[in-house]
Amino acid sequence: MTAGHIQDFACFTDFDKELICHWKVAAQTNCSKEFQLWYSKETSSVSNMCVPENEKDSLRCTCTIYPDYFVSGLTYILTLQFNGTVMWNYSVTPALVVKPRAPKNLVIEETENGNFNLSWEESYSSSSLLSGQPVIYEVKYWRKQHPTEISVKAINYQAKSFEITASSLKRGYDYIASLRCNYTDYPAYWSEWSEEVEFRYEYRVKAEDILQMAVPTSCILIVAGSVICYFCVTK
């Protein structure tokens with residue numbers, strides 16, 4: 001890729017505070033010195049400039065725009081310049097490229113029935129456009145020692161908790177769980193996976209385990225007792 005050549009220009013927004021645009025560039029590109037991203041509302045002639053920054057791998061430029069507000073019909077006209085030369089024209093409607101923030105404050109607790117209850121909070125305040133909107137979640141969890149064996153469960157209803165059943169776990173192992181979300185009225189992107197929480201499914205003798213052991217043991221004792229009584233009677 002030559003200097004000034006861009007690929008994969010795209011934008012997404014949390015639909016609350018920021019609109020982020022990024023594009024691939026050649027190695028050694030200095031994003032803040034070589035590029036400028038100009039933006040304006042479709043209904044306005046006033047343009048503002050966003051100064052991009054290099055991402056960690058230096059192979060992508062990222063520009064973060066902080067709009068005054070978000071509404072469903074808002075569209076931005078974007079112009080990308082390289083050393084003063086227009087390289088790209090683009091229009092973006094934030095409502096069509098929503099990538100929500102991941103759920104936060106995950107907590108997991110063992111319940112009385114031996115299952116594990118995972119709970120969380122929405123990452124938007126009550127004043128946000130996304131607060132209270134229909135949302136679906138995906139929960140994933142896996143044994144810490146076997147990170148490739150992942151269980152993924154869909155939650156297709158309004159919820160702030162999910163019960164991981166003990167029957168889907170193996171005793172004596174540490175587990176890790178995470179969560180992501182998608183707002184069904186703004187379905188362009190799933191959020192990133194949330195912070196992880198860790199829990200352990202311990203070895204514990206439960207009532208059903210005792211019952212499972214007691215029944216065959218009782219049968220054996222009854223049979224043994226019957227045999228002993230039989231021999232005693234015959235003698």
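Predicted model: local features only at pLDDT ≥ 70, side-chain atom pairs only at ≥ 80, totals over all residues.
Student: What makes Cys11 and Cys21 a disulfide?

Tutor: The sulfur atoms of Cys11 and Cys21 are 2.1 Å apart. A disulfide requires two cysteine sulfur atoms within 2.5 Å, so the pair qualifies. The link of Cys11 and Cys21 is right-handed, with 105° about the S-S bond.

Student: Why are Cys11 and Cys21 called buried?

Tutor: The term applies under 20% relative accessible area. Cys11 has 2% relative accessibility and therefore counts as buried. Cys21 has a relative accessible area of 0%, so Cys21 is buried as well.

Student: How do you know that Cys31 and Cys61 form a disulfide, and why is that disulfide called left-handed?

Tutor: The sulfur atoms of Cys31 and Cys61 lie 2.0 Å apart, and the cut-off is 2.5 Å, so the pair is a disulfide. The torsion about its S-S bond is about -85°, and the disulfide is therefore left-handed. Cys31 is in helix 1 (residues 31–34) and Cys61 in strand 6 (residues 60–65), 30 residues apart, and the pair links distant parts of the chain. Cys31 counts as buried because its relative accessibility is 0%. Cys61 counts as buried because its relative accessibility is 0%.

Student: Is Cys181 buried or exposed?

Tutor: Cys181 has a relative accessible area of 2%, so Cys181 is buried.

Student: How do you know that strand 1 and strand 2 pair?

Tutor: Five bridges join strand 1 to strand 2, which run antiparallel. Pairing requires at least two bridges, so these strands pair. Within the pairing, Phe12 stands opposite Ile20 in strand 2. The hairpin of strand 1 and strand 2 has five residues between the strands, and there Phe15 takes a positive phi near 60°.

Student: What makes strand 10 and strand 13 a pair?

Tutor: The two strands run antiparallel, with four bridges joining strand 10 (residues 116–121) to strand 13. Asn117, for example, has Glu163 in strand 13 as its bridge partner.

Student: Why are strand 9 and strand 13 called edge strands?

Tutor: The open sheet in question has three strands in the order 9-10-13, with antiparallel pairing. Strand 9 (104–110) and strand 13 (161–164) each pair on one side only, and these are the edge strands. The twist of this sheet averages 20° from one strand to the next.

Student: Which residues touch the most other members of the largest nonpolar core?

Tutor: This core has 30 residues, and those touching the most other members are Leu118, Trp120, Ile164, Leu169 and Phe199. Strand 14 gives the most to the core, with five residues. At least three residues come from each of domain 1 (7–96) and domain 2 (104–201).

Student: Which residues is Leu169 in contact with, leaving aside neighbours within four places in sequence?

Tutor: Leu169 is in contact with Phe116, Tyr141, Ile164, Tyr175, Phe199 and Tyr201. There is also a second, separate core of 22 residues, which includes Phe35, Tyr39, Ile65 and Phe82.

Note on methods:
Residues numbered from 1 in each chain as written. Heavy atoms only, no water. Buried < 20%, exposed > 50% of the residue type's maximum accessible area, 1.4 Å probe, protein only. Axes fitted to C-alpha atoms, helices over the stretch in contact; angles between N-to-C directions. Core = buried A, V, L, I, M, F, W, Y, C linked by side-chain atoms within 4.5 Å. Domains from an automatic or database assignment. Contact = heavy atoms within 4.5 Å.
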